[in-house]
Amino acid sequence: MKKLRISTVEYFNTAPLVWGFTEGPLAGKYELSFTVPSECAAALGRGDADIAIIPSIEYLRMDGIVALPEMAIAAKGEVRSILVVAKKPIEMATRFALDTSSRASTALVRILAQERWNIAPEYIPAPPDPPEMLKHADAALVIGDPALRIALKLDAQAAQPTGDRPCCQGDPEDIPVPGVEMLFVYDVAHEWREMTGKPCVLAVWAGRPEAITPEVVADFQASKKYGMERLREIAEAASEKLELPPQALEQYLRENINFDLDAENLAGLRLFFEKAAAMGLAPPARELEFAAAETGSIASRGH
């Protein structure tokens, strides 16, 4: 029997969800590939993957898929790995570089620009290279490990990753965005929470219903459980690769990333879907359909 193909994100924050598949008792059962969020959705859409962790907004853009229950990449407060970095206060930005590896974050930024920051900038797609992005724009969206690296450099300078505080002077090696000495940094999940009072759900597991049996759902939930019990191990393994302190990485997984689809997260996702649809960033909002773990049927639940 052919192994199911799973497309997952190469970023550190997804590691707990797949740790059971990569390092645990489920290793070898599925065929895993690692890429950026936008490509995970594309692989599922092309049929190159059976199940993928997709940017949450892609659920509205894709037909014939279901979500796996109880699992997500979400943030109830500051996320630290989705940042807007700017050369001036965000309310003054007129050109905005958007990381091409992101889709949910891009939509969040467009909503925040219109509803929170009251700006209508020109958006330009750009590879995820913060110094290069800020050469051509006033502000830039940076996601994943590059954003986390900026946040941790800010911590090292005793600065905050959100708000209007300018930074950063000192050793060039320690400057969060090389070549930019005066930097304004905004945590996208924090800005969303301040505006809406709700968390944001950034990514969900989704796939074709025929591929997602109760056994598959149980395996994904077991992989998550295996990872959540080993966050220190995951942080230590990533520390050498990312050249970042393991304690800071573990703290990020425990305090900034939420891996659940609880009622509060689902309410935040519903609002995100509604706002994105209202701005024309996605098709009309619809309820998430979940593959059930205990029966072969599909369970619909409010998102």
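**Helix packing, nonpolar cores and selected residues**

In the predicted model, Ala-104, Ala-107, Leu-108, Ile-111 and Glu-115 of helix α4 meet Phe-272, Lys-275 and Ala-276 of helix α11, where contact means heavy atoms within 4.5 Å. Helices (H or I, at least four residues) and strands (E, at least two) are DSSP runs, numbered from the N terminus. Residues are numbered from 1 along each chain as its sequence is written, and side-chain values use heavy atoms, with hydrogens and water left out. Because the model is predicted, local features need pLDDT of at least 70 and side-chain atom pairs count only at pLDDT 80 or more, while totals for chains, interfaces and linings use all residues.

Two packed helices are described by the angle between their axes and the distance between the axes. Axes are lines fitted to C-alpha atoms, for helices over the stretch in contact, and angles run from 0 to 180 degrees between N-to-C directions. Angles under 35 degrees count as roughly parallel, over 145 as roughly antiparallel, 65 to 115 as roughly perpendicular and the rest as oblique. For α4 and α11 (residues 263-278), the angle is about 70 degrees and the axes are 10 Å apart; α4 is therefore roughly perpendicular to α11. By class, this contact of α4 with α11 has six nonpolar, no polar and two charged residues. In this classification Ala, Val, Leu, Ile, Met, Phe, Trp, Tyr, Cys and Pro count as nonpolar, Asp, Glu, Lys and Arg as charged, and the others, Gly among them, as polar.

Helix α4 (residues 104-115) also packs against helix α7 (residues 188-196), at an angle of about 45 degrees and with the axes 10 Å apart. The two helices α4 and α7 are therefore oblique to each other. Their crossing is left-handed, that is, the near helix is turned anticlockwise from the far one by less than a right angle. On the α4 side the contact is made by Leu-108, Val-109, Ile-111, Leu-112 and Glu-115, and on the α7 side by Val-188, Glu-191, Trp-192 and Met-195. Seven nonpolar, no polar and two charged residues make up the contact of α4 with α7.

The axes of α1 and α9 come within 11 Å and cross at roughly 90 degrees, and the two helices are therefore roughly perpendicular to each other. Ala-15, Pro-16 and Trp-19 of α1 make the contact with Leu-231, Glu-233, Ile-234 and Ala-237 of α9. The classes in this contact of α1 with α9 are six nonpolar, no polar and one charged. Helix α10 (residues 246-255) has Ala-248, Leu-249, Glu-250, Tyr-252 and Leu-253 buried, where buried means under 20% relative accessible area, exposed over 50% and partly exposed in between (1.4 Å probe, protein chains only). These buried residues of α10 pack against α1 (15-22), α6 (144-156) and α9 (231-242).

The largest nonpolar core holds 96 residues, of which Phe-12, Ile-54, Val-84, Trp-117, Trp-205 and Phe-272 touch the most other members. Strand β4 (residues 66-75) gives the largest share of this core, eight residues. A second, separate core has 18 residues, including Val-85, Ala-126, Ala-147 and Ala-151. A nonpolar core is here a set of buried Ala, Val, Leu, Ile, Met, Phe, Trp, Tyr and Cys residues joined through side-chain atoms within 4.5 Å. Neighbours within four places in sequence left aside, the contacts of Val-84 include Ile-90, Phe-96, Val-109, Trp-117 and Phe-184.

Two further buried positions were examined. Ser-7 is found in strand β1 (residues 5-9) and counts as buried at 2% relative accessibility. Not counting residues up to four places away in sequence, Ser-7 touches residues including Ser-33, Thr-35, Cys-40 and Trp-205. Leu-134, in helix α5 (residues 130-136), counts as buried at 3% relative accessibility. The C-alpha atoms of Leu-134 and Ala-97 are 7.6 Å apart, with the two residues 37 apart in sequence. Contacts of Leu-134 beyond its neighbours within four places in sequence include Val-85, Lys-87, Val-177 and Leu-183.

Most residues other than glycine have a negative phi. Arg-80, not a glycine, has a positive phi of about 70 degrees and lies in the loop between β4 and β5 (82-86). At 9% relative accessibility, Arg-80 counts as buried. Glu-243, also not a glycine, has a positive phi of about 55 degrees and lies in the loop between α9 and α10. At 67% relative accessibility, Glu-243 counts as exposed.
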